[in-house]
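User: Can you walk me through this model with a few questions and answers?

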Amino acid sequence: MKVVTSNFITCAVKDCKSFPLHFRDAKLELQELDFQAEFIQNIIPRLDWDKLQITANELGFSNISDTKPNDDALNNEQILRDLHKLLLEVQIMEGKLICGDCGHEYMIKEGIANFLLPSHLGL
Amino acid sequence: MSRPEDVLPPDLFYNDNESRKYTTSSRIRNIQSDMTHRALELLDLKSPSLILDLGCGSGLSGEILSSLPGEEGGPHTWIGMDISPSMLDVALQRDVEGDLLLADIGQGVPFRPGSFDAAISISAIQWLCNAETSDVSSEGRLRRFFEGLYACLRRGGRAVCQFYPKNDAQRSMISAAAMHAGFGAGILEDDPGTKNSKLYLVLTVGGGGLKGDITGVVQGMDEVDVLDARKRAIQNKTSSSKKGDKAWIMRKKDQMERKGKVVKATSKYTGRKRRPAF
């Protein structure tokens with residue numbers, strides 16, 4: 001699971017839908033991908049920066065800036081490259097995603113999070 | 001040919017063996033790639049985007065999304081959802097670039113509002129028409145799916161879902177569910193009437209007006225006939241005749257004749273008013 005996904009995914013439980021989910025016992029891996037400045041520029045306005053900071057801190061990346069890059073920073077290649085690395089190249093291979101509200105745990109195995117719910121929670 | 005939907009639920013049908021067969025069959029791969037390219041054409045994305053792949057399976061369509069050349073708007077980043085663990089396992093072995101989730105799209109689409117630029121789904125949503133246990137219904141599954149999808153697409157975003165409906169009832173059930181969720185919905189049919197006929201449900205969020213939906217999407221495409229039921233309804237309304245006038249009588253006589261009833265011949269007096277005697 002990538003960090004970019006964790007910035008968009010919510011709890012799947014019917015009456016919860018809270019955001020963000022918190023990583024626990026995460027094992028990370030770096031998977032190199034081609035850098036595309038355009039994609040990062042496209043995605044920045046949609047990121048929830050406060051929640052991204054929380055996630056990054058949980059995963060041990062504390063060097064993330066306090067504010068969302070804007071104006072000039074959007075064309076600064078180094079900033080975009082750092083974001084690319086954090087959002088797309090870092091993979092959470094094993095661990096758990098935990099909902100802060102309802103406490104539901106989603107297991108992550110081999111990089112795939114299990115969002116299947118028993119029917120009393122999902123319907 | 002039997003329909004896999006009638007055999008088993010998707011998570012059981014696509015076991016290790018079926019998933020491998022599905023992914024290695026060159027016939028299926030060709031069809032999937034054609035359909036993905038068609039769907040991309042309908043999505044009309046101009047720059048690298050974040051795409052949701054519903055029922056991504058082993059990543060056959062995702063592979064095309066991440067390898068799309070720059071001049072066609074790519075390469076895109078995608079997040080795939082699928083209910084079959086075996087399919088996802090094959091995707092892992094094939095080292096796809098997208099992010100994968102094991103999830104049932106019939107339970108909803110758990111993303112923040114406005115997360116995605118577009119969504120794509122190849123040969124998946126007909127599975128939603130099957131309710132495998134007594135506590136779920138196909139209508140409920142379709143409703144949760146389309147409501148979740150509507151919420152997580154950004155305004156002006158599009159979703160293209162290629163699907164194989166079993167019959168016309170399923171086809172209208174799916175498009176009605178999409179419209180209920182708030183989508184502008186239309187169906188594009190490739191090679192209609194043949195064995196290779198392919199249906200694409202084109203869903204639009206916002207945009208407004210007639211041009212904001214599928215009629216706007218296919219504008220400028222070659223060899224596409226637009227059959228707009230709404231336009232026909234508007235035309236019918238204006239030309240519909242009042243009860244009792246000549247056009248109405250002629251229509252009724254036609255109807256009766258078709259039913260095989262004996263109908264008086266039509267003359268110049270048909271439908272004319274009788275003048276008062278004095």
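**Helices, sheet and chain contact**

Analyst: In this predicted model, helix α7 (residues 138-152) and helix α8 (residues 168-180), both of chain B, pack with their axes 8 Å apart and at an angle of about 45°.

User: Are α7(B) and α8(B) parallel, perpendicular or oblique to each other?

Analyst: Two packed helices are described by the angle between their axes and the distance between the axes. Here the angle is about 45°. Angles under 35 degrees count as roughly parallel, and 65 to 115 as roughly perpendicular. The two helices α7(B) and α8(B) are therefore oblique.

User: Which class do six residues of the contact of α7(B) with α8(B) belong to?

Analyst: From α7(B) come B:Leu142, B:Arg143 and B:Phe146. From α8(B) come B:Met173, B:Ile174, B:Ala177, B:Ala178 and B:His180. One residue of this contact is polar and one is charged, while six are nonpolar.

User: Which strands are the edge strands of the open sheet of eleven strands?

Analyst: The order is β1(A)-β2(A)-β3(A)-β4(A)-β3(B)-β2(B)-β1(B)-β4(B)-β5(B)-β7(B)-β6(B), with mixed pairing. An edge strand of this sheet pairs on one side only. That points to β1 (21-30) of chain A and β6 (184-190) of chain B.

User: Do β4(A) and strand β3 (residues 99-102) of chain B run parallel or antiparallel?

Analyst: Strands of a sheet pair through backbone hydrogen bonds, either parallel or antiparallel. Two bridges join β4(A) to β3(B). In β3(B), B:Leu102 is the bridge partner of A:Asn114. The strands β4(A) and β3(B) run parallel.

User: What is the bridge partner of A:Lys109 in β4(A)?

Analyst: Strand β3 (residues 105-109) of chain A is joined to β4(A) by two bridges. These two strands run antiparallel. In β4(A), the partner of A:Lys109 is A:Ile112.

User: What angle does the direction of helix α6 (residues 85-93) of chain B make with that of β3(B)?

Analyst: Helix α6(B) packs on the sheet. It touches β4 of chain A, along with β2 (77-82) and β3 of chain B. Its direction and that of β3(B) make about 165°.

User: Which element gives the largest share of the side of chain A that touches chain B?

Analyst: In the contact between the chains, 27 residues of chain A meet 27 residues of chain B. On the chain A side, α2 (37-43), β4 (112-114) and α5 (119-122) each give two or more residues. The largest share is four residues, and it comes from α2(A).

Key. Residues numbered from 1 in each chain as written. Chains lettered and ligands numbered in written order. Predicted model: local features only at pLDDT ≥ 70, side-chain atom pairs only at ≥ 80, totals over all residues. Contact = placed C-beta atoms within 7 Å. Pairing = 2+ DSSP bridges. Axes fitted to C-alpha atoms, helices over the stretch in contact; angles between N-to-C directions. Parallel < 35°, antiparallel > 145°, perpendicular 65-115°, else oblique. Nonpolar A, V, L, I, M, F, W, Y, C, P; charged D, E, K, R; others polar.
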